[in-house]
Amino acid sequence: MTKNKIIVALDVATKKEALDLVDQLGEQISFFKVGLQLYTAEGPEIVRAIRAAGANVFLDLKLHDIPNTVANAVRSAAELAVQMLTFHLCGGEEMIRAAVSAKPRELSLLGVTVLTSVDEQTLRKIGIPDKIDDHVLRLAKLGAETGVDGLVASPHELKMLRAQFGTKIKLVVPGVRPTWSEAGDQKRVMTPREAFDAGADYLVIGRPIIAQPRPREALAQILAEIGA
Ligand code: C5P
């Protein structure tokens, strides 16, 4: 069902704000993202509370460390019974392999290729001469060959990644904006409908829902627009 493919990003500072949103939106959707801000403030307790409320959790910690440390963090996330966890593919093959071998089947491990905030000038300064798309594709291939379940992808990478990997990889897509909301700092956006049509499996949506005066109505409008 399409409504199960919408993940609301709980980009808030406190457990109370996060659980208020889960409470308000939980009748319409069942997947929430906990990112660095909320996790750093509230720790694993917030994840346990969302799971106890019956919802799925995408734990967006973007892990990047030596293979042994990443594998152990994957085990800790698995203990929390989250459904999705992110890590950086630029950690290299050995790190990816360690992460993949530490995860249970029911946990989807998603690789981050190149952050959407990174441009070609940023790549140059860290010594990477490639075009962004080429670097994204190289890391994506490394992840797919090494057994990741999915990738975090910008809407504009969807066609390229779908063409490359078919349906064997889940594509989870932030940077989505309905026509009626502000793009904010997201530069190359697509509407939810366009992103699904371009091949997204899941959409991650934050501010167009959580920063609205009435989050429940904003979510309902998005679900109506995608025909969920
Ligand atoms: O508020 P907004 O809809 O832009 O939120 C998007 C969410 O997806 C944020 O939690 C952000 O950290 C995350 N994200 C992103 N771009 C990426 C990876 C993650 O916007 N490349």
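β3 (56–63) gives the lining of the largest pocket three residues, the largest share. Strands here are DSSP runs (E, at least two residues), as are helices (H or I, at least four), numbered from the N terminus. The model is predicted, so local features need pLDDT of at least 70 and side-chain atom pairs count only at pLDDT 80 or more, while totals for chains, interfaces and linings use all residues. Residues are numbered from 1 along each chain as its sequence is written, and side-chain values use heavy atoms, with hydrogens and water left out.

**Largest pocket**

- The largest pocket holds about 870 Å³ of space, a volume being the space filled by probe spheres set on grid points joined across faces, edges and corners.
- Its lining counts 31 residues, and T116, S117, P174, G175 and Q186 are the closest to the centre.
- A pocket is an open set of points on a 1 Å grid over the protein atoms alone, where a 1.4 Å probe fits, with protein on both sides within 12 Å along at least five of seven lines; lining residues have an atom within 4 Å of a point.
- Besides β3, both β8 and α10 supply at least two lining residues each.

**Ligand**

- The ligand takes up the space of the largest pocket (more than half of its atoms lie within 2 Å of the grid points).
- Around the ligand are 13 residues, with D11, R177, Q186, G206 and R207 the closest (a heavy atom within 4 Å).
- β8 (202–205) and α10 (207–210) each give this shell at least two residues.

- A side-chain N or O atom of D11 is 2.6 Å from a ligand oxygen (contacts are N or O pairs within 3.5 Å).
- K33 places a polar side-chain atom 2.8 Å from an oxygen atom of the ligand.
- From R207, a polar backbone atom lies 2.7 Å from a ligand oxygen.

Notes
Polar contact = N/O pair within 3.5 Å; in protein donor to acceptor, adjacent residues only side chain to side chain.
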